[in-house]
Amino acid sequence: MHECQINLLQYLRSKSQVDVDSFDVDASTEIPGCVDATSNQAEIYSEMIKPRHDSLVKEVLVFSAKVQSEFPALRLEELAFEIMAIRLAFLVIPNITGAVHVMANPCYSYHKEKVVETGKRLYRICNLLDPAFDTDRLVMKVAATWEGLQACRELKRCGIKTLATTVFTMEQAVLAGEAGCVSISPFVHEVKVFFDEKYSDTNPLLSMCVQAQRFYKKHSMSTKVKACATISLDEILKLAGVDALTITTSDLQNLQKGTGCKCLDESQSLFHDNYTTDSSDYPSYVDDESTYRREYSRSGQGAGQYKLMQALATFSDFQFKGEEFLKAHQQHLI
């Protein structure tokens with residue numbers, strides 16, 4: 001390899017933490033060296049329905065019935081979905097060095113108390129499945145609604161780590177930092193892009209990743225920016241320098257196979273001192289719901305609010321599909 005040339009994955013890792021956006025154990029094995037592994041309801045559903053997991057589905061359902069008395073307010077299929085997510089996380093965690101990220105039920109995104117209960121329950125499920133598991137390696141993904149982020153604030157006091165997901169505006173990013181989330185996931189593209197081949201998102205939020213990271217540094221906030229939902233290697237390379245990147249298996253494979261000129265790649269990145277972003281400052285939102293709701297609803301003329309609702313509708317749909325899948329299999333066991 002010419003001295004100017006560098007492997008793209010190696011280059012990216014020299015600039016940012018690289019995470020795998022999957023709970024597919026094969027993916028985490030094929031591309032070693034990833035720090036965190038993340039998931040959402042769509043990924044958990046698509047993984048659990050694979051025929052190779054038939055025995056795991058039965059095991060999860062039997063275990064769910066066994067421990068349901070500990071969680072009497074929860075339907076069996078909902079509990080089983082959460083247990084399935086943790087079991088898949090346990091399969092992946094030997095192949096990563098950091099944390100696994102499990103998303104709270106998106107149907108609770110506007111219910112603070114239920115999000116708090118979910119965070120505590122996920123930790124309890126980990127303990128029931130494996131008392132030796134280090135729960136410091138579990139992070140719950142919470143939709144970045146007002147209620148969800150207030151739940152993150154409370155969970156931090158309990159020592160439970162959270163990531164603010166479905167972040168589309170700086171207002172969400174600011175509130176997540178104040179709430180004490182360990183990281184945020186700005187979605188570079190809206191979720192619809194990944195489920196509708198005919199749809200094109202013409203306004204990627206690359207610049208906001210830079211803006212949020214600079215904001216946290218300026219205000220000495222410990223929250224990290226974990227960018228996700230990119231659709232090309234070009235976008236990924238533009239984000240080299242962000243705290244972390246959550247990357248799909250296919251893009252990780254392409255990065256692993258690709259090479260480029262280090263000088264050219266570095267010049268692509270938006271994370272350099274000369275790159276300008278909106279330098280507006282923001283007020284404290286964490287104890288001011290009315291100001292937050294007003295400014296968030298106006299952000300991008302309502303675009304962020306629309307994208308969040310769209311994302312939650314999509315993830316909720318996969319939550320329902322997953323529960324129905326488990327419910328049908330439970331009936332076969334009876």
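1. Helix 6 (residues 112–129) packs with helix 7 (residues 146–157) at an angle of about 45 degrees, and their axes are 8 Å apart. Helix 6 is therefore oblique to helix 7, given that angles under 35 degrees count as roughly parallel, over 145 as roughly antiparallel, 65 to 115 as roughly perpendicular and the rest as oblique. The axes are lines fitted to C-alpha atoms, for helices over the stretch in contact, with angles running from 0 to 180 degrees between N-to-C directions. Helices (H or I, at least four residues) and strands (E, at least two) are DSSP runs numbered from the N terminus.

2. This is a predicted model, in which local features need pLDDT of at least 70 and side-chain atom pairs count only at pLDDT 80 or more, whereas totals for chains, interfaces and linings use all residues. Residues are numbered from 1 along each chain as its sequence is written, and side-chain values use heavy atoms, with hydrogens and water left out.

3. On the helix 6 side of the contact (heavy atoms within 4.5 Å) are K112, V115, V116, G119 and K120, which meet E147, Q150, A151, E154 and L155 of helix 7. By class, this contact of helix 6 with helix 7 has four nonpolar, two polar and four charged residues; Ala, Val, Leu, Ile, Met, Phe, Trp, Tyr, Cys and Pro count as nonpolar, Asp, Glu, Lys and Arg as charged, and the others, Gly among them, as polar.

4. For the chain as a whole, there are 14 helices and 10 strands, and the C-alpha trace spans about 65 × 55 × 40 Å along its principal axes. Buried residues (under 20% relative accessible area, with exposed over 50% and partly exposed in between, for a 1.4 Å probe and protein chains only) make up 56% of the 334 residues. Among contacts between residues at least 6 apart in sequence, 71% join residues at least 24 apart.

5. Two residues deserve a look at their backbone, since most residues other than glycine have a negative phi. S220, in the loop between helix 9 (206–218) and strand 8 (224–227), has a positive phi of about 55 degrees although it is not a glycine, and at 68% relative accessibility S220 counts as exposed. Q301, in the loop between helix 13 (289–298) and helix 14 (303–333), also has a positive phi of about 55 degrees without being a glycine, and Q301 counts as exposed at 82% relative accessibility.
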